[in-house]
Amino acid sequence: MEIYDFISIDFETANEYRDSACQLGITTVQNGAIKDVKSWIINPEQSFSTFNTSIHGIDETMVQGQPTFKELWPEILPYFGNEEMGNIIVAHNATFDINVLLCMLERYNIVPLDGIFLCTLAIARRTWVQPSYSLSSLCNAFNIIPGKHDAGEDSRACAELLLLAAKEKEVDLSKDIACDNDFNDIENKFQVYFGTFNSQGYIPSTCKRKQKAKLLQAIKGDKSKENPDSIFYQKHVVFTGTLSSMRRLEAQQIIADIGGINQTGVNKETDYLIVGQQDFKIVGEDGMSSKQEKAIKMIEKGATLEILSENDFLRSL
């Protein structure tokens, strides 16, 4: 097995099920530079949904005669590691890709190795302030050639994004991670946690919440702009998804200026949940974020909170 600084991966799926991988991309990074970009078409042995095909362009005709994941596994296994050592795995919204990997291994009764991974979606949120953190939007923002849902090219774009963030945060991923102090140093500089996976499942790579809470606490309202007539005055407000009209921080500033109270998550005090655009790779199979799912369950149990679209939010200002 060859040891890399890290490998970045990207899966495309044939349908809404996580065990329907139809393409895998892997980019290897060594000594701080991209070494190889590879991709494989996979026969998922499942039907394709029109929606998924419209995203990545792969259909039934393209997978005929291609290897199944089980047949491909011996070839790709060395990229992930062995029983003694593994490479750091990186993906954009890594929870999706790690979940696909584990579901494919489970489907074919392949025992997964223990692994660690980082999520460039979480890292980007802790590195830059952007209106959107989708891979395509970040590529446009930093002059990275977008992958356009080709798994190989998406994995390459993800690798370039991590190298850019590592440079900005002064993180050296080329050195061996030999002890807990090395892990802690990387986590502290990126302000994210490593994710882990094994035969029992996975723990996601997430942003350090303390940093997020401090950022929200730093938003102070302008008393001269308070509006007691606003529906948001002295109300608890949560945002989820990406707003198309403004950055989330700008929207939270508007709420604070009105005299409302911003929250990071939905709870019993929440009065309004404002829903922006959702990335289909980030939300669940029902197309809703965890915040929206929680809000709906609370409403079903009698909670008085309201769910507003971005247009509803703008009309209410």
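# Reading domains, sheets and helix packing

The C-alpha centres of domain 1 and domain 2 lie 30 Å apart. The model is a predicted one.

Q: Which residues does the domain assignment give to domain 1 and domain 2?
A: A domain is read as a range of residues taken from an assignment. Here domain 1 covers 4-205 and domain 2 covers 210-314.

Q: In what order do the 7 strands of the open sheet stand, and what is the pairing?
A: Two strands count as a pair when at least two bridges are found between them. In this case the order is 3-2-1-4-5-6-7, and the pairing is mixed.

Q: Which strands stand at the edges of this sheet?
A: They are strand 3 (33-41) and strand 7 (201-203). Each has a single partner strand, so one side of each has no neighbour in the sheet. From one strand to the next, the twist averages 25°.

Q: How many bridges join strand 6 to strand 7, and do these strands run parallel or antiparallel?
A: Strand 6 (residues 195-198) is joined to strand 7 by 3 bridges, and the two run antiparallel. Thr 196 has Ile 203 of strand 7 as its bridge partner.

Q: Which strands does helix 4 touch where it packs on the sheet?
A: Touching is read from heavy atoms within 4.5 Å. Helix 4 touches strand 1 (6-13), strand 2 (21-30), strand 4 (89-91), strand 5 (115-119), strand 6 and strand 7. The direction of helix 4 makes about 75° with that of strand 1. Helix 5 (residues 120-127) lies across strand 4 and strand 5, at about 45° to strand 5.

Q: At what angle do helix 3 and helix 4 pack?
A: The angle is taken between N-to-C directions. For helix 3 (residues 69-80) and helix 4 (residues 94-107) it is about 130°, and their axes are 11 Å apart. That angle makes helix 3 oblique to helix 4. The crossing is left-handed.

Q: Which residues make the contact between these helices?
A: Helix 3 supplies Phe 69, Trp 73 and Phe 80, while helix 4 supplies Leu 101, Met 104 and Leu 105. By class, the contact has 6 nonpolar residues, no polar and no charged.

Q: What is the strand order in the open sheet of 4 strands?
A: The order is 9-8-10-11, with parallel pairing. Strand 9 (261-262) and strand 11 (306-309) are the edge strands, each pairing on one side only. Strand 10 (residues 272-275) and strand 11 run parallel and are joined by 4 bridges. Leu 273 has Ile 307 in strand 11 as its bridge partner. Helix 10 (residues 248-258) packs on this sheet and touches strand 8 (236-240) and strand 9. The direction of helix 10 makes about 170° with that of strand 8.

How values were computed:
Residues numbered from 1 in each chain as written. Predicted model: local features only at pLDDT ≥ 70, side-chain atom pairs only at ≥ 80, totals over all residues. Heavy atoms only, no water. Axes fitted to C-alpha atoms, helices over the stretch in contact; angles between N-to-C directions. Parallel < 35°, antiparallel > 145°, perpendicular 65-115°, else oblique. Left-handed = near helix turned anticlockwise from the far one by under 90°. Nonpolar A, V, L, I, M, F, W, Y, C, P; charged D, E, K, R; others polar.
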